[in-house]
Amino acid sequence: MTRRTEWSEPATGFGAEPHPRHAGGPGAGPESDTEAEFRSGARRGAGPGTGFGGGAGFGEGGSRRSRSRSSGSPSSSRAETGEPRDPVEQARNICLRLLTGIPRTRKQLADALRKREIPDEAAEEVLSRFEDVGLIDDAAFADSWVESRHHGRGLARRALARELRTKGVDSAVIDEAVGQLDAEQEEETARELVARKLRSTRGLDRDKRLRRLAGMLARKGYGEGMALRVVRQALEAEGEDTEGLDEPF
């Protein structure tokens, strides 16, 4: 039987505020450059107590526990003797810490709880409740990730889908999120990437320039056909002879 736990309703910022339009974290290993970039773009200026993980509803419980420990209550005695806390409370606190400053997917939180040996029943109760109140929203996470990583790093749909799969996002949700980008927008971004890189390839022979520029686009998830077309047009604009550049690289 699933145990019922009393929950404080989150402050307005939790339930009403959508995920920011742009994953690792405290207690889950070093944060990657990718996640740091996502956090700074998604929650610029945010800190503990704002957005995810810091509303009054959940925070008040921490204050009450602090006061009870200082007054020598039974909870203080349990803490002093090392008796385990209620696993639901422990799971909730872990999730709140991980959500402070950056959204995460349900799978990322579930993996963190499993690593800390939280019982499956307690983890499921907390994760489901967090979804109910909007603290976990994989669709909003995917939308934000696509927007942030496409505009910030120029990643194409294929690379974005691959990243979201590593975060545990459902395939249908991924398809909808990357569907924000159409082929025209993707090609325009590819042109901008090549234009920024073009100057650094001047002085190299044509084939080396082709490999560097097309290889850069391939690493960002652009298809071979689009990469060749965009690079060829950029080189033609500089007066390069592009005969034979339609061949695969």
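The structure is a predicted model, in which local features need pLDDT of at least 70, side-chain atom pairs count only at pLDDT 80 or more, and totals for chains, interfaces and linings use all residues. Residues are numbered from 1 along each chain as its sequence is written, and side-chain values use heavy atoms, with hydrogens and water left out.

The chain holds 13 helices and zero strands. Helices (H or I, at least four residues) and strands (E, at least two) are DSSP runs, numbered from the N terminus. Along the sequence the pattern reads α-α-α-α-α-α-α-α-α-α-α-α-α. The accessible surface of the chain is about 13,400 Å². Carbon and sulfur atoms account for 46% of this surface. Accessible areas come from the Shrake-Rupley method with a 1.4 Å probe; for residues, only the protein chains shown count as cover. Of the 249 residues, 43% are buried. Buried means under 20% relative accessible area, exposed over 50%, and partly exposed in between (1.4 Å probe, protein chains only).

Helix 10 spans residues 171-178. Ile-174, Ala-177 and Val-178 are buried there. Seen down the helix axis, the buried residues fall within an arc of 90°, so they line one face of helix 10. The arc is that of the directions from the helix axis to the C-beta atoms. Asp-175 and Glu-176 are exposed on the other side of helix 10. An α-helix has 3.6 residues a turn, so residues three or four places apart point the same way.

Helix 6 covers residues 106-115. Its buried residues include Arg-106, Gln-108 and Leu-109. Glu-117 follows helix 6 and has a positive phi, near 60°.

Two charged patches were examined next. Patches are made of residues with over 30% relative accessible area and no salt bridge, with like charges joined within 9 Å. A salt bridge is a side-chain nitrogen of Lys or Arg within 4 Å of a carboxyl oxygen of Asp or Glu. Lys and Arg count as positive and Asp and Glu as negative; His and the chain ends are not counted. Each charge is placed at NZ of Lys, CZ of Arg, CG of Asp or CD of Glu.

Lys-197, Lys-208, Arg-211, Arg-212 and Arg-219 form a positive patch. Helix 12 (residues 206-219) gives the most to this patch, with four residues. Arg-219 lies in helix 12 and is exposed, at 64% relative accessible area. Asp-182, Glu-184, Glu-188 and Glu-192 form a negative patch. Glu-192 sits in helix 11 (residues 183-198). Glu-192 is partly exposed, with a relative accessible area of 40%.

Notes. Patches are made of residues with over 30% relative accessible area and no salt bridge: like charges are joined within 9 Å, nonpolar side chains (Val, Leu, Ile, Met, Phe, Trp, Tyr) within 5 Å.
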